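Please look over the sequence and the structure first.

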Amino acid sequence: IAEATEMAEGEPGEPNAEAFVYGEEDLVLQAAGWADPDSAPSRFDRLLLAGWSDRMERGLFRYRLGPLPTRVLPGPVRLVAQLNEKRSSERRPPQPVRSLRDPFDPGAFNFTRLRPAELLFRLRRTGGPGPPPDPLLVAINASPLGRGHVLLLPEPARRLPQVLTAPALRGALEAVLLSGHPGFLVGFNGLGAGASVNHLHLHGLYLDRPLPLEEAPAEPLGPHLGLLRAGPAPAFLFFAPGPAALEPVSRAVCRAAEHLDGAGLACNVLAARGDPPAGPGTGGGRGLRVLLWARRPLFGPKAGEPFAVALCELAGLLPLPTEPLYRDITEAQALSAIRRHLLPEPELLHLGGAVSYTHLR
């Protein structure tokens with residue numbers, strides 16, 4: 001199975017794509033180190049990056065992605081600023097969103113309209129542990145943040161709105177473990193939290209440097225739940241020490257996201273390899289850290305914002321739209337722009353108690 005691919009027909013009305021069939025033996029439990037992150041690419045990495053580069057050469061993106069100037073802003077948070085002018089000027093305008101529960105709109109752009117050449121492959125697991133996750137179509141993001149930026153699409157023909165589901169998240173978490181690169185991560189922007197298309201999708205992205213959220217210790221909020229203060233925005237931290245924990249963690253994260261929605265709050269989610277919640281050297285090996293940010297929803301652009309705030313910005317990576325902003329922005333200015341979307345700490349801690357309760361259900 002590990003080396004097999006096949007043609008998958010998909011759902012009616014859904015584009016066909018070559019299937020990437022994998023089993024538990026394909027999950028990479030120990031990724032390459034940051035000293036040489038490209039030293040041990042997995043079968044998943046090789047196929048994804050080769051397909052992505054092929055589509056770039058064929059002109060299937062909205063712009064050609066060249067080298068991206070990058071600098072670490074001086075200050076204790078060590079935000080990573082990156083200049084990506086073309087993404088700002090040439091990407092498809094975000095869909096207007098009016099509420100956290102906007103239904104899928106078949107008249108607006110959606111992922112059933114992707115050209116077949118934009119699809120790379122379809123992830124499909126066979127064997128354990130547990131029931132298989134949703135198959136995920138892996139497609140290029142036509143307005144990329146960086147090399148290998150892809151979309152993970154669970155059954156586009158079902159026309160689901162941008163509301164995270166546990167089977168979709170589970171498949172995305174397995175994708176992180178299919179990569180041998182320490183910086184491959186997946187993320188989700190909810191409605192009112194930076195989502196630009198109201199059709200269920202997650203992002204996959206390779207980072208070329210570690211972020212503090214990988215190893216910073218978290219404050220315990222309850223069994224299996226912590227509050228991570230590292231980076232520009234505090235997040236609820238869930239941890240999966242291995243493949244067997246991916247299903248319960250996926251369900252717990254989605255229950256928490258449902259609770260936020262019921263409270264009128266938007267959310268962003270990011271999953272990356274990292275240390276146990278207590279931090280490195282505290283016993284136990286690295287696994288997957290899954291971060292959930294709760295925030296005030298924002299519908300439509302807000303005047304005076306230097307940049308949009310979505311999962312990358314909350315994690316500490318700032319893709320910036322103009323050279324002057326990239327050159328001159330300070331850590332204090334960036335943190336101010338990010339934190340105006342967040343909850344006051346007493347409200348966040350109260351919410352943490354409720355999220356911890358949902359985690360125990």
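The text below covers a sheet, a pocket and a helix of this predicted model.

Three strands form an open sheet in the order 3-4-15, and their pairing is mixed. Strand 3 and strand 15 stand at the edges with a single partner strand each, so one side of each has no neighbour in the sheet. From one strand to the next, the twist averages 20 degrees. Strand 4 pairs with strand 15 in the parallel sense, over four bridges. Ala81 has Leu318, in strand 15, as its bridge partner.

| Strand 3 | 70-72 |
| Strand 15 | 317-320 |

**The pocket**

Strand 4 also supplies at least two residues to the lining of the second largest pocket, as do helix 1 (43-57) and strand 9 (202-206). This pocket has a volume of about 440 Å³. Its lining consists of 21 residues, and Gln82, Gly146, Arg147, Tyr206 and Asp208 lie nearest the centre. By class, 12 of the lining residues are nonpolar, five are polar and four are charged.

**The helix**

Helix 3 runs over residues 166-178. From its first C-alpha to its last it reaches 18 Å, close to the 18 Å expected at 1.5 Å a residue. How many of the 13 residues of helix 3 are buried? The count is 12, and helix 3 is thus mostly covered. Among the buried residues are the charged Arg170 and Glu174, along with Leu169, Val176 and Leu178.

Terms used:
Residues are numbered from 1 along each chain as its sequence is written. This is a predicted model: local features need pLDDT of at least 70, side-chain atom pairs count only at pLDDT 80 or more; totals for chains, interfaces and linings use all residues. Side-chain values use heavy atoms; hydrogens and water are left out. Two strands pair if DSSP finds at least two bridges between them. Axes are lines fitted to C-alpha atoms, for helices over the stretch in contact, and angles run from 0 to 180 degrees between N-to-C directions. On a 1 Å grid over the protein atoms alone, a cavity is a set of points where a 1.4 Å probe fits but cannot get out, and a pocket is an open set with protein on both sides within 12 Å along at least five of seven lines; lining residues have an atom within 4 Å of a point. Grid points are joined across faces, edges and corners, and a volume is the space filled by probe spheres set on the points. The expected span of a helix is 1.5 Å times one less than its number of residues. Buried means under 20% relative accessible area, exposed over 50%, partly exposed in between (1.4 Å probe, protein chains only).
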